[in-house]
Structures are given as C-alpha cells and as structure tokens.
Amino acid sequence: MGMMGLAWDTTFLKTRAGMTMTVESGVGLLGAVISIVLGNGLESFIYWSTFFISGFFLFTHVTNLTQTLESKVPSLAKIHLGYLAIWTVMLAIACIYRFVFWNLISIFSWVLLFAFLIDLFFKYRSSPSSTAAPGPATPAAAEAGGKF
C-alpha cells in the first residue's frame, strides 16, 4: 500500500513505454529550464507542456491510476495518441526552425522528437483498429451508402 492509497509500481519505469515517458518528461524539464534563456516561445511551450503532460501520464502509470482514469474517460488512450501526434508535429517544426537558427536547445528538440516518434509508433501499433466491418462489395452499394 502506498501513500494516499496509491499503489506504486516502479517496474513500469523499466518497460519501453516507461522509459520513453521518463525521457520525454526529463528532457522536457531540462529543455524548459534552458529555453528560458536560449529558446523562443514555441520551444518553451513545447518543453514545459511536455514535462507536465508526459509527467502526468507517467505518474498515472506508476501509481496504477490509468485503469481508473480510463473507466471515467474511455477515450484517454486516443487523447494520449493525439497528444503525441500534435507534439511530434510541433517538435518537427521546431527542429526545422533550428536548422536555420542553430542553438544548444536544438539538441533537446531532436531528442524529444525521436522519443515522441518512438512512443507514437508503438502507441499507434498497439491501438485498436477503428474499422469494424468491411466496406461495400460493389460500386452500386457504395453509391447507395453501403446499405444494399
């Protein structure tokens, strides 16, 4: 039994998902602190929000709150997948920007981009398919909306 009735499961940190979330949160915090001096507004937003959001997801997994949250918010896995996709695009924009105006903060952007790409790849592969039934068999059925 853990603190405040939370069960601490630190073995999650040794899994691939735990390591990527830890890297995302840790690099997000380091990048956020350094971006105070060297970064711009977009990078600062990306780093601070990565620290808090990935840290939140990491906290829920380590304390076994994920199942409780998913029972209350069934689309939590899709929200996490969307978060990873949107932040990957923003990090790609930051990396492209840093090709022109290179700075030390570029290293944090690249590390975070690779961590997000790895996490996004495995989360997408493990997500259930949204197609439940095959499409219409004939063009006539497709024109009729698949009803005939």
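This is a predicted model: local features need pLDDT of at least 70, side-chain atom pairs count only at pLDDT 80 or more; totals for chains, interfaces and linings use all residues.
**Helix 2 and its two packing partners**

Helix 2 passes helix 4 in a left-handed crossing.

Helix 4 covers residues 76-100, and its axis lies 11 Å from that of helix 2, at an angle of about 155 degrees. Angles over 145 degrees count as roughly antiparallel, and therefore helix 2 is roughly antiparallel to helix 4.

Which residues of helix 2 and helix 4 make the contact? Helix 2 contributes Leu42, Glu43, Phe45, Ile46, Ser49, Thr50, Ile53, Ser54 and Phe57. From helix 4 come Leu76, His80, Tyr83, Trp87, Met90, Leu91, Ile93, Ala94, Tyr97 and Arg98. By class, the residues of this contact comprise 13 nonpolar, 4 polar and 2 charged.

I turn now to the second partner. Helix 2, residues 41-62, also packs against helix 5, residues 105-126. Here the angle is about 45 degrees and the axes are 12 Å apart. Because of that angle, helix 2 is oblique to helix 5. The crossing of helix 2 with helix 5 is left-handed.

On the helix 2 side, this contact is formed by Glu43, Tyr47, Thr50 and Ser54. Helix 5 supplies Ile105, Phe108, Ser109, Leu112 and Phe116. How many residues of the contact of helix 2 with helix 5 are nonpolar, polar and charged? The division is 5 nonpolar, 3 polar and 1 charged.

Methods:
Residues are numbered from 1 along each chain as its sequence is written. Side-chain values use heavy atoms; hydrogens and water are left out. Axes are lines fitted to C-alpha atoms, for helices over the stretch in contact, and angles run from 0 to 180 degrees between N-to-C directions. Helices (H or I, at least four residues) and strands (E, at least two) are DSSP runs, numbered from the N terminus. Angles under 35 degrees count as roughly parallel, over 145 as roughly antiparallel, 65 to 115 as roughly perpendicular and the rest as oblique. A crossing is left-handed if the near helix is turned anticlockwise from the far one by less than a right angle, and right-handed if clockwise. Contact means heavy atoms within 4.5 Å. Ala, Val, Leu, Ile, Met, Phe, Trp, Tyr, Cys and Pro count as nonpolar, Asp, Glu, Lys and Arg as charged, and the others, Gly among them, as polar.
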